[in-house]
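Let's take a walk through this fold, starting with the overall layout and then zooming in on a couple of spots. Keep the viewer open as you read.

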Amino acid sequence: MTRPGRVRGGALLLTVVTAALLTACTGTDADPAGAEATPTTRPTSSPTPTASSPPSPTTSPTPSTAAEIAEAVDKWYTYGGETAVVSLIEEARNAESHRPREAFELVVLDFGGLTDALGTARLMGPIPDPRTQTAWAAAIEHLDGAVREVLASVPKDGRTIQSPQETGQMLRGWSTFDEGIKSLKAAQALLNRRFGLKPSVDPWEAGA
């Protein structure tokens, strides 16, 4: 088994042998159902993801009218918001692609890129539209919580078998991840429907 390590961009690879009670994914359209087995996880390094620090756009006074809100959202999207949204979608898809699907599957958990994208999303500040911001904030909160919970479920004392509690924690983490994906899709849909803002290439389809 190849020993993992840090890779370019600050991502931290974690090689695990997983045999968990896998459930069907609920947050994405193409996720297959999982299988039943005795939970097994083997960590090879301790996760210490770090976030990048891009500049944040200048904030304007709180808009009040529909026209002011639309203008403020457009500025948020133009000056970094689009990049933050697309990056978060792409990195969430990348992290989800390493999700264990079968019993005793060798997987590589790479949350480094997602953690960086979450840091960028936070530095952008809130979207100047309360409804869209609610979905955006929920996406950030759920995805961040999911990363922490999945990584925390990996045994840190050299064991190769997860306890039932650790298995449950891992499954809760991926369930939280699914909720984050739902909120992320909702935020993107609101930006498009309410303000006509969408990337030139659909990040949910790109590279699929």
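Thr 132 sits in helix H3, which covers residues 130–152. Keep in mind that this is a predicted model.

The protein chain has four helices and two strands, and if you trace the elements from the N terminus you get β-α-β-α-α-α. The chain is 208 residues long, with 42% of them counted as buried. Look at contacts between residues at least 6 apart in sequence, and you'll find that 75% of them link residues at least 24 apart.

Now back to Thr 132. Its relative accessibility is 0%, so it counts as buried, given that the cut-off for buried is under 20%. What does Thr 132 touch, once residues up to four places away in sequence are set aside? The answer is Ile 127, Ala 187, Leu 190, Leu 191, Arg 194 and Phe 195.

Next, move over to helix H4, residues 164–195, where you'll find Gly 180. Is Gly 180 buried or exposed? With a relative accessible area of 0%, Gly 180 is buried. Skipping neighbours within four places in sequence, Gly 180 contacts Ala 139, His 142 and Leu 143.

Key:
Residues numbered from 1 in each chain as written. Predicted model: local features only at pLDDT ≥ 70, side-chain atom pairs only at ≥ 80, totals over all residues. Heavy atoms only, no water. Buried < 20%, exposed > 50% of the residue type's maximum accessible area, 1.4 Å probe, protein only. Contact = heavy atoms within 4.5 Å.
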